[in-house]
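Here is a short report on one protein chain.

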Amino acid sequence: MNLRLSFPFTDHPGELAFNCAIFHDLEQLVHHPTHILDRLGDTPNILDLFLTSNPSAYAVSLLSPLGSSDHNLITVSCPISPIPPQNPPKQRCLWRFASASWGDLRRYYDDFPWNDYFFCVRDPSSLCAERKTEVIVSGMEAYILHSLT
């Protein structure tokens, strides 16, 4: 986008387009001059805008001009990929901590065979964390009133 504004003849609509792109956090995909320099004193500039908020999704190619055009041919492609299915919204759990049976929950955690359950696994990083979460949530479900919303 900056290359376009460095052109000495950028007009007011060009400046408005630049400000709009900045305001909406858009990025220019075409970064190479597109006008073929055919006169002495011409400066390279980008005459074609392709603005996007997701530049990594596109591939830009700059090709030779068609026929007698004085502009390079630009192709922008976006591979079509299936939209991943969205997971259905999860139910939320509302915990009623004021009515919890804290003593029973504490005994549950104290009596649980933590070492036997967690440290028998070779990969403590992920599986151990998942198992700890299961135990903690099962204790909460048993001794803290809750409802799903």
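In which strand is Leu 73 found? This is a predicted model, and in it Leu 73 belongs to strand E4, residues 73-77.

**A surface patch**

Leu 73 also takes part in a nonpolar surface patch. Leu 73 itself is partly exposed, because its relative accessibility is 30%.

**The chain as a whole**

The chain has five helices and six strands. From the N terminus, their order is α-α-β-β-β-β-β-α-α-α-β. Of the 149 residues, 14% count as buried. The accessible surface comes to about 11,400 Å². Carbon and sulfur atoms hold 58% of that surface. Among contacts with a separation of 6 or more, 53% join residues 24 or more positions apart.

**Helix H2**

Helix H2 covers residues 12-23 and has 12 residues. From first C-alpha to last, H2 reaches 16 Å. That is close to the 16 Å expected at 1.5 Å a residue.

Which residues of H2 are buried? They are Gly 14, Phe 18 and Ala 21. These three lie on the same side of H2, because they cover an arc of only 65° around the axis. The other side of H2 carries exposed residues: His 12, Pro 13 and Phe 23. Just after H2 comes Asp 25, with a positive phi of about 55°.

How many salt bridges does the structure hold? It holds one. Arg 107 pairs with Asp 104, and their closest N and O atoms are 2.5 Å apart. Both residues lie in helix H3, residues 102-111. They are three residues apart, about one turn of the helix.

| Residue | Relative accessible area | Class |
|---|---|---|
| Leu 73 | 30% | partly exposed |

Technical notes:
Residues are numbered from 1 along each chain as its sequence is written. This is a predicted model: local features need pLDDT of at least 70, side-chain atom pairs count only at pLDDT 80 or more; totals for chains, interfaces and linings use all residues. Side-chain values use heavy atoms; hydrogens and water are left out. Helices (H or I, at least four residues) and strands (E, at least two) are DSSP runs, numbered from the N terminus. Buried means under 20% relative accessible area, exposed over 50%, partly exposed in between (1.4 Å probe, protein chains only). Contact means heavy atoms within 4.5 Å. Accessible areas come from the Shrake-Rupley method with a 1.4 Å probe; for residues, only the protein chains shown count as cover. Patches are made of residues with over 30% relative accessible area and no salt bridge: like charges are joined within 9 Å, nonpolar side chains (Val, Leu, Ile, Met, Phe, Trp, Tyr) within 5 Å. A salt bridge is a side-chain nitrogen of Lys or Arg within 4 Å of a carboxyl oxygen of Asp or Glu. The expected span of a helix is 1.5 Å times one less than its number of residues. The arc is that of the directions from the helix axis to the C-beta atoms.
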